[in-house]
Amino acid sequence: MTNQSITLKAYGKINLGLDVLRRLENGYHEVKMIMQSVSLHDVITITALDTSNDIIIRTSSGKIPCNEQNLAYKAAKLMMETYSIQNGVDIYIEKNIPVAAGMAGGSTDCAAVFKGMNSLFEIGASEMDLRNLGVKLGADVPYCIMGHTALSEGIGEILTPLPKPPACIVLLAKPDIDVSTKYVYENLQADTLEIHPDIDGMICAIEKQDLHTLCTKMDNVLETVTGKKYPIISEIEHLMKSEGALQSIMSGSGPTVFGIFTDTEKAGKAAALIRERNLTQEVHVAEFI
C-alpha cells in the first residue's frame, strides 16, 4: 500500500428524464431514466488505519448518521469482507450535496468509498466489479460509480453510457422538506400514468447536442406523487422558468428542483429570488460533469 490516505470528489446526480414503466412482482419498479452528474460534490477522504480494523465515519453534516446505517460505512464493510482487507479505515465526509434530496448524495459517497478503497489498498477491481458490489447497497450506487451521462434501465442497474449533453448552467434548489423515496414509489400509480417522458427522443437530442429539444422533453413521472403532496416544488419550477430557465423539473423522488439555463446572470437572479422569497436557502449553481 503506497498511500495511507486518498481524497475523492463524490458528484451529485440529477435525472434529466425519469420514467417508471411498471411495478415488478418483487416490489421494485422498472425504470427508464437519464442520469447526469453535476459539479456539486461531497469530498470523501479515506485514511487507512494501521492499528485496527474499525470503520470510523466522520462528517461535516449533522444530518447524516456516523454509524453502520451510513452507506459509506456499508461500502467499507463490504469491501473489507469481499477483498479480505485487514486495515480499518477512517472516512471523513465533507457534505455539500443536500441530504435526502433526490440527488443520490448517500449513494455517491458510497461509490467514492468503493473507488477510494480499491485504489488505496491496490485491489485492482474493475469498474464492473465495483458496480456489481454496489447494486447490493442501492439501485443508484452502480451509476454513481460510473458517473457522467447514462441511460439507466431495469431497477437502475442496467447502465448505458451516453455522450455528454450540451453545456449549460444547472440551478439546483432543495426545499426544506424531507421526501421518503419509499413513500413516493408506494404511492405512484405506475399502471395508470398517462404521460411518459420521451427518453429515446432525449437521447437523440443529446447525440445531436440540441439543448432546446432536450429541455422540451424533460419530465419526471414521480412528480405526480411528490409535486401533488408538496406544492412548493411547482412554485420553484415556475419561478425558474419565469426567470429564463429553458426547463425546470424535479430530480429523482425529490424534493430538489433543477432549472436549465444558458445565461449565468439569469441563473444568478433566479437563485437570489428563490432565497428572497424564502422558498429555500439551499440553492446551488452547477454544471454538467
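# Reading a predicted chain

Reader: Among contacts between residues at least 6 apart in sequence, how many join residues at least 24 apart?

Author: A contact means heavy atoms within 4.5 Å. In the protein chain, among contacts between residues at least 6 apart in sequence, 75% join residues at least 24 apart. This is a predicted model, in which local features need pLDDT of at least 70 and side-chain atom pairs count only at pLDDT 80 or more, while totals for chains, interfaces and linings use all residues. Residues are numbered from 1 along each chain as its sequence is written, and side-chain values use heavy atoms, with hydrogens and water left out.

Reader: How many helices and strands does the protein chain have?

Author: Helices (H or I, at least four residues) and strands (E, at least two) are DSSP runs, numbered from the N terminus. Here the protein chain comes to 10 helices and 10 strands.

Reader: What radius of gyration does the protein chain have, and how does the value read against a compact globule?

Author: The radius of gyration is taken over C-alpha atoms, and the globule rule is 2.2 Å times the number of residues to the power 0.38. For 289 residues the rule puts a compact globule near 19 Å, and the protein chain agrees, because its own value is 19 Å. Along the principal axes, the C-alpha atoms fill a box of roughly 55 × 45 × 35 Å.

Reader: Which share of the residues counts as buried?

Author: Buried means under 20% relative accessible area, exposed over 50%, and partly exposed in between (1.4 Å probe, protein chains only). By that rule 55% of the 289 residues are buried. The areas come from the Shrake-Rupley method with a 1.4 Å probe, and for residues only the protein chains shown count as cover. The protein chain exposes about 12,800 Å², and carbon and sulfur atoms supply 47% of that area.

Reader: What volume does the largest pocket have, and which residues lie nearest its centre?

Author: On a 1 Å grid over the protein atoms alone, a cavity is a set of points where a 1.4 Å probe fits but cannot get out, and a pocket is an open set with protein on both sides within 12 Å along at least five of seven lines; lining residues have an atom within 4 Å of a point. Grid points are joined across faces, edges and corners, and a volume is the space filled by probe spheres set on the points. In this structure the largest pocket has a volume of about 1,200 Å³. Its lining holds 45 residues, with S107, A139, D140, T181 and S253 nearest the centre. The elements giving two or more residues to this lining are β1 (5–23), β2 (29–49), α1 (71–82), α2 (105–120) and α5 (181–186).

Reader: How do the lining residues divide by type?

Author: Ala, Val, Leu, Ile, Met, Phe, Trp, Tyr, Cys and Pro count as nonpolar, Asp, Glu, Lys and Arg as charged, and the others, Gly among them, as polar. The lining of the largest pocket divides into 22 nonpolar, 15 polar and eight charged residues.

Reader: Is S251 buried or exposed, and what does S251 touch?

Author: S251 sits in the loop between β8 (247–250) and β9 (257–261). With a relative accessible area of 0%, S251 is buried. Leaving out residues up to four places away in sequence, S251 touches K13, I14, N15, A101, G102, N220, T256 and F258. K13 is 238 residues away from S251 along the chain, yet their C-alpha atoms are separated by 8.3 Å. The loop between β8 and β9 also holds P255, and the peptide bond from G254 to P255 is cis, with omega near 5 degrees.

Reader: Where does I236 lie, and which residues are in contact with I236?

Author: I236 belongs to helix α9 (residues 232–242) and is buried at 0% relative accessibility. Apart from neighbours within four places in sequence, I236 is in contact with A173, P175, V257, I274, L279 and T280. P175 lies in the loop between β7 (169–173) and α5, and P175 too is buried, at 0%. Among the residues P175 touches are I232, P255 and T256.

Reader: What is the phi of A100 and of Q209?

Author: A100, although not a glycine, has a positive phi of about 50 degrees. A100 lies in the loop between β4 (88–94) and α2 and is partly exposed, at 41%. Q209, also not a glycine, has a positive phi of about 60 degrees. Q209 is placed in the loop between α6 (199–207) and α7 (211–217) and is partly exposed, at 42%.
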